[in-house]
Amino acid sequence: MNHILINRRTAIATLGALSAGAVLAQQQRPATVRFGYQKSSTLIALLKVQGTLEKQLAPLNVSLSWHEFTSGLPLLEALNLDNLDISADVADTVPVFAQAAGADLTFLAQEAPSPAAQAIVVRDESPLKTVADLKGKKVGFAKAAGAHYLLIAALEKAGLSFKDIEPAYLTPADGRAAFERGAIDAWVVWDPFLAAAQRQSKVRILADGAGIASYQRYYLASTKFAKARPDVLRVVYAELEKTGKWVKQHPKEAAALLAPVWGLDAPTIEQANSRRSYAVRPVVAGGLAEQQRIADAFFAEKLLPRKIDALKVALFNPGA
């Protein structure tokens, strides 16, 4: 009888030890944070190639998995579907589409305006001279990208509406191919694709964002993740801010690092980077006024399924 009791106690103790060991192993296993980005995510590209975020997040027992997207809209769709935790910068237009789809997102950071970093371009030999000349023409751009709003705002300024042109929704790569073979009359695109087109093809700029569209870029996280891991977001914010300053202070070094990653020559990248502010700052409600103008413009053109309050969003405070 005593022998049976001892065996039972031993078995219970062993099971307890195994259970505690499993819990400890689970706690020690790095949590994987899923990070989405696109080619124009300059600061994230630099942090990724240098392994900076992995090093800074290691003390928090966090590892990263990286996921590349062709443009901002599918990136935020993935964030909304809980396939990502954090999104690298997307153009100011993209979050309004995500909000209209009911996405529960938290604004992590904002890059100060870079209006010249996107433009409407035509081939050099094109007869089109002004934005007003786009009436009845086929114009290529990525849906919901900053380029989309730039086109709407530029057309309005020229006395036209979105219905006056024939839209062609194209990724940057497809847009470049269509533009070069003459399948579209004009192309609306952002850096570094804009700089590449300027340096590798004969193009003219009909209009950039100056006085039309500020082109602020936003970093976001799922609200669920923001609530669970504000410590991770604080590290990401600090590194973004630091890297943004470094790019502007070391343009040649930054271009050299990005060249093999982007498959572009360093001078093209340097030109593109010169038009981006890379000034990372917290998102405050007062700095979201243009978001409402963007949302209203898309809704007026029946491109947004419902009217939204662009200011009703969760904001991350990096100093909290």
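User: How many bridges join strand β6 to strand β7?

Analyst: This is a predicted model. In it, β6 covers residues 138-141 and β7 covers residues 166-169. The two strands run parallel. The number of bridges joining β6 to β7 is four.

User: Which strands stand at the edges of the open sheet of five strands?

Analyst: The order in this sheet is β7-β6-β8-β5-β9, and the pairing is mixed. Averaged over the sheet and with direction ignored, neighbouring strands are turned by 30° against each other. An edge strand has a single partner strand, so one of its sides is left without a neighbour in the sheet. The strands in that position are β7 and β9 (203-208).

User: In which sense do β5 and β9 pair, and which residue of β9 is the bridge partner of Ile120?

Analyst: Strand β5 is made of residues 118-123. Five bridges connect β5 with β9, and the sense of the pairing is antiparallel. In β9, the bridge partner of Ile120 is Ala207.

User: Which strands does helix α8 touch, and what angle does its direction make with that of β8?

Analyst: Helix α7 (residues 172-180) lies across β5, β8 (186-190) and β9, and runs at about 150° to β8. Helix α8 (residues 193-200) also packs on the sheet. The strands touched by α8 are β5, β8 and β9, and its angle with β8 is about 125°.

User: Is Ser87 buried or exposed?

Analyst: Ser87 sits in strand β3, residues 86-91. Beyond its neighbours within four places in sequence, Ser87 is in contact with Phe35, Gly36, Leu75, Leu76, Leu79, Tyr219 and Leu220. The relative accessibility of Ser87 is 0%, therefore Ser87 counts as buried.

User: What is the orientation of α10 to α11, roughly parallel or roughly perpendicular?

Analyst: Helix α10 holds residues 230-249 and helix α11 holds residues 251-262; their axes come within 5 Å and cross at roughly 110°. Because angles of 65 to 115 degrees count as roughly perpendicular, α10 is, relative to α11, roughly perpendicular.

User: Which residues make the contact of α10 with α11, and how many of them are charged?

Analyst: From α10 come Trp246, Val247, Lys248 and Gln249, and from α11 come Pro251, Glu253, Ala254 and Leu257. By class, five are nonpolar and one is polar. The number of charged residues is two.

User: How many nonpolar residues are in the contact of α6 with α13?

Analyst: The axes of α6 and α13 (residues 289-300) come within 11 Å and cross at roughly 75°, so α6 is roughly perpendicular to α13. Helix α6 contributes His148, Tyr149 and Ile152, while α13 contributes Glu290, Arg293, Ile294, Ala297 and Phe298. One residue of this contact is polar and two are charged. The number of nonpolar residues is five.

User: What percentage of the residues of the chain count as buried?

Analyst: The chain has 13 helices and 12 strands, and its C-alpha atoms fill a box of roughly 100 × 45 × 35 Å along the principal axes. Of contacts between residues at least 6 apart in sequence, 80% join residues at least 24 apart. The chain has 320 residues, and the share that counts as buried is 51%.

Conventions
Residues numbered from 1 in each chain as written. Predicted model: local features only at pLDDT ≥ 70, side-chain atom pairs only at ≥ 80, totals over all residues. Heavy atoms only, no water. Axes fitted to C-alpha atoms, helices over the stretch in contact; angles between N-to-C directions. Parallel < 35°, antiparallel > 145°, perpendicular 65-115°, else oblique. Contact = heavy atoms within 4.5 Å. Nonpolar A, V, L, I, M, F, W, Y, C, P; charged D, E, K, R; others polar. Pairing = 2+ DSSP bridges. Buried < 20%, exposed > 50% of the residue type's maximum accessible area, 1.4 Å probe, protein only.
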